[in-house]
Amino acid sequence: MSSFNPLTSILNQNKLEGPNYVDSKRNLDIVLIAEGYKFVITEECPEKPENATDDQVKAYDKWVKDDKMARCYILASMVNVLQHQHQSMGSAYDMLESLKEMFGEQNHAAKQTAMKSLLNTKMVEGSSVMDHVLKMMSLLNELEVFGAMIDKKSQVEMVLQTLPDRFQ
């Protein structure tokens, strides 16, 4: 008996077809983070030296196993023609780099749009502070998905700058 997995449901509802690269990548990131596999995209595979300690062997084996799972999720997130094109790639990182090369211009344009929105957003007098902060957090999260690196302290400062003068 199979159980419902909301994470695979996210991938099934938003399969990468090309034009939806940005949304598909965001959903894939959600799944990889939730499953604990995102690190294989950002960290290099640890070396497995000849005389490896047990800890080194465990770290290597974990990375290899988790990379295999990440590749499965990535493949599950795309339409068949893209699956066929990417299934023989060596790592999850290689797959995502290939997809970025194929569809990354959309990513760049979306990143520019999100940055422009972030920089041009000001809270309207009399509107809800909470709604405004949530909107700003959403824009910052979107930029993070697109690869923008803005530290938390700077993010807070950016949000504070969008509030009316009476909040200073």
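One cavity of 30 Å³ or more is present in this structure, which is a predicted model. The volume of the largest cavity is about 60 Å³. Helix α6 contributes to the lining of that cavity and has a kink of about 75° centred on Phe103. Phe103 also forms a tilted aromatic pair with Tyr21.

**Cavity**

- The lining of the largest cavity is made up of Leu16, Tyr21, Ser24, Lys25, Leu28, Ile74, Ser77, Met78, Leu96 and Leu99.
- Two or more lining residues are given by each of the elements α2 and α6.
- Helix α2 supplies the largest share of this lining, with four residues.

**Helix α6**

- Helix α6 covers residues 92-120.
- Between its end C-alpha atoms, α6 spans only 36 Å, whereas a straight helix of 29 residues would span 42 Å at 1.5 Å a residue.
- The kink in α6, of about 75°, is centred on Phe103.
- The buried residues of α6 are Ala92, Met95, Leu96, Ser98, Leu99, Phe103, Gly104, Asn107, Ala110, Ala114 and Leu118.
- These buried residues pack against α2, α3, α4, α5 (80-86), α7 (129-145) and α8 (152-161).
- Two of the buried α6 residues, Leu96 and Leu99, also belong to the lining of the largest cavity.

**Aromatic pairs**

- Two aromatic pairs are counted in the model.
- The ring centres of Tyr21 and Phe103 lie 5.9 Å apart with the planes at 35°, so this pair is classed as tilted; planes under 30 degrees apart would count as stacked, and over 60 as edge-to-face.
- Because Tyr21 belongs to helix α2 (residues 21-35) and Phe103 to helix α6, their pairing ties together parts that are 82 residues apart in sequence.
- Tyr21 is buried, with a relative accessible area of 3%, and Phe103 is buried as well, with a relative accessible area of 14%.
- Tyr21 is also one of the residues that line the largest cavity.
- The second pair joins Tyr37 and Tyr73, whose ring centres are 6.1 Å apart and whose planes stand at 35°, so it too is tilted.
- Tyr37 lies in the loop between α2 and α3 (39-42) and Tyr73 in helix α4 (residues 54-76), so that the pair links distant parts of the chain, 36 residues apart.
- Both Tyr37 and Tyr73 are buried.

Notes
Residues numbered from 1 in each chain as written. Predicted model: local features only at pLDDT ≥ 70, side-chain atom pairs only at ≥ 80, totals over all residues. Heavy atoms only, no water. Phe/Tyr/Trp six-rings, centres within 6.5 Å; stacked < 30°, edge-to-face > 60°. Buried < 20%, exposed > 50% of the residue type's maximum accessible area, 1.4 Å probe, protein only. Expected span 1.5 Å × (residues − 1). Bend = angle between axes of the 7 residues up to and from the residue. Contact = heavy atoms within 4.5 Å. 1 Å grid on protein atoms, 1.4 Å probe; cavity = no way out; pocket = protein on both sides within 12 Å on 5 of 7 lines; lining within 4 Å. Points joined across faces, edges and corners; volume = space filled by probe spheres on them.
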